[in-house]
Amino acid sequence: MKILVAINSFKGTISSQQASQLVADEICKTEPAETIVCPVSDGGDGFLQVMQSTCPGTSLEVVIPAPWIGGTLSTEIIYCSENASFVIESARVFGLTRIPHEERRPLMLSSSGLGYVFPDLEKEFASQFSTARKILIGLGGSGINDFGIGAASVFGLSLIDDQDNVLEPIPFNFPAVKKIILPTKKLKLPLHLVLDVESDLFGEKGTSRVFGPQKGATPVTCSILEDGIKNLLTILKRDHGLDYSDQRIGASGGVALGLSLFADITYIPAKNFILDTLCLRKLIEECDVVITGEGRVDMQTLMNKAPGVIIAEAARQRKKVFVVCGEFDGTIKPEFGETAVFELKKHFSSLEESIQNTEQGLLHASKELAAFLF
């Protein structure tokens, strides 16, 4: 029996590589089996580490403004000479796990830090990495919801109100915008964006309403975010002929919108990245059993998150699939068909305890899975 173990990271607790290897090792203790460990990422947390495992590169450190006002943070970037790319994980720039709980106010947070990364890459590192041809960014795990306007402001974008005042480029001000001055500078290197989900920019299935609450957005906050993005989209179409209304680029708080205003963009859906770039399609074909999972498995998982993509492809190839997760939303069980789910939470008295003991939970789940498998 050949087993593929491709588990996504458990956000804030254990990486994809660690989780996948731990499960594979524990299963082999029960019954010797040929296992293939393949760390995966859909663009969110763990993207940089997964890219390092597939294309080892040179690590770089940059200090940038934090998403909240007045803060700074250091973030890692890698340069992969094999594909001539700088690689950025947006979750390390403005990810939810990088934002202190007291600062999780989406209306006041900005993507400007990402905007400041680009000049550093083009200036400071140009002499060292002159072969660079593109910047690859994994978009996911975001703690912000500013649609990339903060990043675009670094390149000259300005928001103007009805009194001709320049507004700070944060979501709180978006409903009051009457005019948008587009970026005056353009990024030289093209951006290749891996989108962790296919999400609308607004609406009931849009980024603010679906993902806003986990970032600290209240219902009132979500309404302001919705009004703000609709206003910006109206102005962009009316004054600049830019129509984003049907583009499903809501991943990572819609940051791709702002990036597209100052850079040439290539969008890479998570499904394509996982199945083709990370070769999961081929690996699934070569295996008899597939094990995947992540911290929480729910409807968002089915929005082309890594485990959802893997489950769908394994089902298409008629392979047995097992899911290991911290918490499982049972309401999506029909979507999973006959897939067996092993939940860490049930081995602890509370979800909080489970999160604090993720490795122990994975050991419990692995033993349970092995007993089921063999």
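**Ground rules.** I am working on a predicted model, where local features need pLDDT of at least 70, side-chain atom pairs count only at pLDDT 80 or more, and totals for chains, interfaces and linings use all residues. Residues are numbered from 1 along each chain as its sequence is written, and side-chain values use heavy atoms, with hydrogens and water left out.

I looked up the largest pocket and found about 930 Å³ of space in it. A pocket here is an open set of points on a 1 Å grid over the protein atoms alone, where a 1.4 Å probe fits, with protein on both sides within 12 Å along at least five of seven lines; lining residues have an atom within 4 Å of a point. The volume is the space filled by probe spheres set on the points. I noted 39 lining residues, with K11, Q214, G295, R296 and Q300 nearest the centre. Elements giving two or more residues to this lining are α6 (207-211), α8 (251-259), β12 (289-297), β13 (320-328) and α13 (351-356). Helices (H or I, at least four residues) and strands (E, at least two) are DSSP runs, numbered from the N terminus.

**Helix α8.** Is this helix buried or exposed? Nine of its nine residues are buried, so α8 is largely enclosed by the rest of the structure. Buried means under 20% relative accessible area (1.4 Å probe, protein chains only). L257 and G258 are among these buried residues.

**I149.** I found I149 in helix α5 (residues 149-153). I149 counts as buried at 3% relative accessibility. I149 touches L257 and G258, among others including S111 and F174; contact means heavy atoms within 4.5 Å.

**Rings.** I counted ten aromatic pairs. Rings of Phe, Tyr and Trp (its six-membered ring) pair if their centres lie within 6.5 Å; planes under 30 degrees apart count as stacked, over 60 as edge-to-face and the rest as tilted. F47 and F273 have ring centres 5.4 Å apart and planes at 40°, so the pair is tilted. The pair joins helix α2 (residues 47-54) to helix α9 (residues 270-277), across 226 residues. F47 is buried at 0% relative accessibility, and F273 is buried at 2%. F86 and F129 pair edge-to-face, at 6.0 Å centre to centre and 85° between the planes. F86 and F129 are both buried. I also noted that ring pairs link Y79, F86 and F129 into a cluster.

Conventions: Buried < 20%, exposed > 50% of the residue type's maximum accessible area, 1.4 Å probe, protein only. Lists of a residue's contacts leave out its neighbours within four places in sequence.
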